[in-house]
Amino acid sequence: MSRFGSDPRAFFDFVYSDIPPWDIGGPQPAMSALLAGYPPMNPILDVGCGSGDLAISLAQLGLQVTGIDFVEAAITQARAKAGLLPAEVAHLLDFQVADALQPSLLRRQFGSVVDSGFLHLLESEECDRFVEDLALTLLPGGRYYLLAFAVEFPMPNLPRQVTAQELRARFTVEKGWNIQDIRPAEFLSRVAPPLPAIAACIERLPGQI
Ligand SMILES: C[S@@+](CC[C@H](N)C(=O)[O-])C[C@H]1O[C@@H](n2cnc3c(N)ncnc32)[C@H](O)[C@@H]1O
């Protein structure tokens with residue numbers, strides 16, 4: 001069972017009936033800083049894109065971004081924001097209702113996958129399956145950018161802690177990964193002081209299938 005009950009989508013649908021706590025009106029600064037240090041390769045996939053601010057910030061840099069989220073209201077908001085952008089930026093964006101657990105179902109490969117608050121929603125087994133699917137989704141030499149909570153709260157319906165140790169165990173050279181950076185970060189929200197987070201940039205080694 002997920003940390004968000006037997007029907008996580010219903011949980012997230014409900015959260016989007018108001019402004020979600022993570023919707024800070026722009027991308028998470030720690031994710032933007034990570035991307036600035038390790039420039040992403042086109043095309044980009046934003047898993048669990050929410051209302052689209054990270055994807056939009058990347059399109060404003062001239063990058064081509066597909067954002068996916070399983071909440072229809074989030075995608076409707078993201079598309080509405082994109083509709084207000086200059087046409088040359090809007091045409092770089094594509095927002096779709098889709099399951100981010102299996103990005104390979106999009107039947108495309110991406111140069112970069114950005115994950116601002118998605119992996120930390122998943123239990124260990126779901127993470128295993130997501131990372132396997134991520135390997136199929138990234139082009140050789142492509143990069144996965146992660147921002148996740150680095151704290152554990154003893155409460156239901158909250159993300160879990162992701163540690164550097166976990167990332168080193170999941171993303172090994174033997175499995176075709178090269179960790180380029182793991183760093184302490186902050187996760188901002190509308191409802192609480194900045195929370196300790198972890199950010200990482202992980203490369204899919206060339207020569208992998
Ligand atoms: C913590 S929010 C982060 C949203 C956005 N990335 C941001 O930084 O503001 C996590 C997002 O993942 C979405 N999500 C959770 N599980 C999902 C799944 N299996 N497939 C697609 N989206 C999912 C939620 O609807 C939510 O929008």
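You will find 17 residues around the ligand, and the closest are Tyr 16, Gly 48, Asp 69, Ala 100 and Ser 116. This is a predicted model: local features need pLDDT of at least 70, side-chain atom pairs count only at pLDDT 80 or more, and totals for chains, interfaces and linings use all residues. Residues are numbered from 1 along each chain as its sequence is written, and side-chain values use heavy atoms, leaving out hydrogens and water.

Select Tyr 16: a polar atom of its side chain is 2.6 Å from a ligand oxygen atom. Move to Gly 48, where a backbone N or O atom lies 2.7 Å from a nitrogen atom of the ligand. At Phe 70, a backbone N or O atom is 3.1 Å from a ligand nitrogen atom.

Now colour the shell around the ligand by residue type: 11 residues are nonpolar, 4 are polar and 2 are charged. Gly counts as polar here, and Tyr as nonpolar.

Finally, zoom out and show the chain as a cartoon. How many helices and strands are there? The chain has 7 helices and 7 strands, counted as DSSP runs (H or I, at least four residues, for helices; E, at least two, for strands). From the N terminus, follow them in the order α-α-β-α-β-α-α-β-β-α-β-α-β-β. Turn the view along the principal axes, and the C-alpha trace spans about 45 × 45 × 30 Å.

Definitions and conventions
A residue is near a molecule or strand if one of its heavy atoms lies within 4 Å of it. A polar contact is a pair of N or O atoms within 3.5 Å; within protein, one must be able to donate a hydrogen and the other to accept it, and residues adjacent in sequence count only if both atoms are side-chain atoms.
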